[in-house]
Amino acid sequence: MTMEAFILGSGGSMPLPHRHLTSMLLRREGDLFLFDAGEGTQVSLRKLNLRWKKINAILISHTHADHVTGLPGMLMLSSQVDREEPLYVIGPPRIREYVEASRRILEMYINYEIRVIEIQDPSVPQVVFSGEDYHIRSFPLKHTRVCVGYSFTEMPRPGIFHPEQALSLGVPRGPLWSSLQRGEDVELDDGRTVTPDQVLGSPRSGRKVSYVTDTSFIPSIIDEVRDSDLLVCEGMFETALAETAARKRHMTAREAGIIAREADVKQAGLIHFSPRYTEKDLKLLLKEAREEFKSMVLTRDRQQFTIPYEES
């Protein structure tokens, strides 16, 4: 099952000619999840030719303009196609008010169901959305407005199937093998029962993608994003502007690198850059982050990350 993350916008505060505002799309096979919807989100979706019609949920970190100005357009865009499934919009308190006010004032034509889920107590980490074999968890951040980060986590997968063990136990090739691989017991013609643990290796971990933006450095973030296969984390300022970052409740690139290192993530990308940094200046942010986490990368608009399984 493929999983990919697409950076739709990497900038903070205001859009620039070649840097839209912060947004990330996570695609897991046929399911799509949009994290924040800054100005320019639709443009990147179009340029990437992504199948935006199938977005399952839009998850908003907070209601500052640079993270939600693209949301009304996304809601109207989804009305251009026949859609039977509801679209979930999830975020901290006031996201419902924003969606309802936008629909009313703009007199939106909406031909599908929008289900708004407000996180009632954003100060408490909690599962806010789930599917058959995954869940999305929110966790508190520390910003000038109520703000949350998100982690998308797959459930553990069954261990590797060992056909030679199945054959030695008398399980014939065919449907019974599939049942065992799904974790189901099977009964043989002679009345014996074979259980999955007799033919499967140890359970294998699923994948985890974490999204953190607009926050001061707080140690709790490390535990929330621990072991992520991909961490997309804000690094808005250089260390020389640490006081500015603290006053505005943002992180430096170095602090993002510390989180990636301490959380033992596999891939990490900086996002939400201050508009004061030109493309050339961004190298300074990357340098400082890499002094803490050597494989850190700068995210760019329309950049793609592949998130493979860790096989064992």
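Biologist: How many aromatic pairs does the count come to by this rule?

Modeller: The count for this predicted model comes to eight aromatic pairs. One of them joins Phe 33 and Phe 129, with 6.2 Å centre to centre and 70° between the planes.

Biologist: What makes the pair of Phe 33 and Phe 129 edge-to-face?

Modeller: Pairing needs centres within 6.5 Å, and planes over 60 degrees apart count as edge-to-face. At 6.2 Å and 70°, Phe 33 and Phe 129 form an edge-to-face pair. Phe 33 sits in strand β3 and Phe 129 in strand β7, so the pair ties together parts 96 residues apart in sequence. Both Phe 33 and Phe 129 are buried.

Biologist: Why is the pair of Phe 161 and Trp 177 called tilted?

Modeller: Planes under 30 degrees apart count as stacked, over 60 as edge-to-face and the rest as tilted. The planes of Phe 161 and Trp 177 stand at 55°, with ring centres 5.1 Å apart, so this pair is tilted. Phe 161 belongs to the loop between β9 and α5, and Trp 177 to helix α6.

Biologist: How do you know whether Trp 177 is buried or exposed?

Modeller: Buried means under 20% relative accessible area. Trp 177 has 10%, so Trp 177 is buried. Phe 161, at 14% relative accessibility, also counts as buried.

Biologist: Why does Met 76 count as partly exposed?

Modeller: Buried ends at 20% and exposed begins over 50%, with partly exposed in between. Met 76 has 35% relative accessibility, so Met 76 counts as partly exposed.

Biologist: What makes Arg 207 a charge over the ring of Tyr 309?

Modeller: The distance cut-off is 6 Å from the ring centre, with a limit of 35 degrees from the ring normal. Arg 207 lies over the face of Tyr 309 at 3.7 Å from the ring centre. Arg 157 lies over the face of Tyr 309 at 3.9 Å.

Methods:
Residues are numbered from 1 along each chain as its sequence is written. This is a predicted model: local features need pLDDT of at least 70, side-chain atom pairs count only at pLDDT 80 or more; totals for chains, interfaces and linings use all residues. Side-chain values use heavy atoms; hydrogens and water are left out. Buried means under 20% relative accessible area, exposed over 50%, partly exposed in between (1.4 Å probe, protein chains only). Rings of Phe, Tyr and Trp (its six-membered ring) pair if their centres lie within 6.5 Å; planes under 30 degrees apart count as stacked, over 60 as edge-to-face and the rest as tilted. Helices (H or I, at least four residues) and strands (E, at least two) are DSSP runs, numbered from the N terminus.
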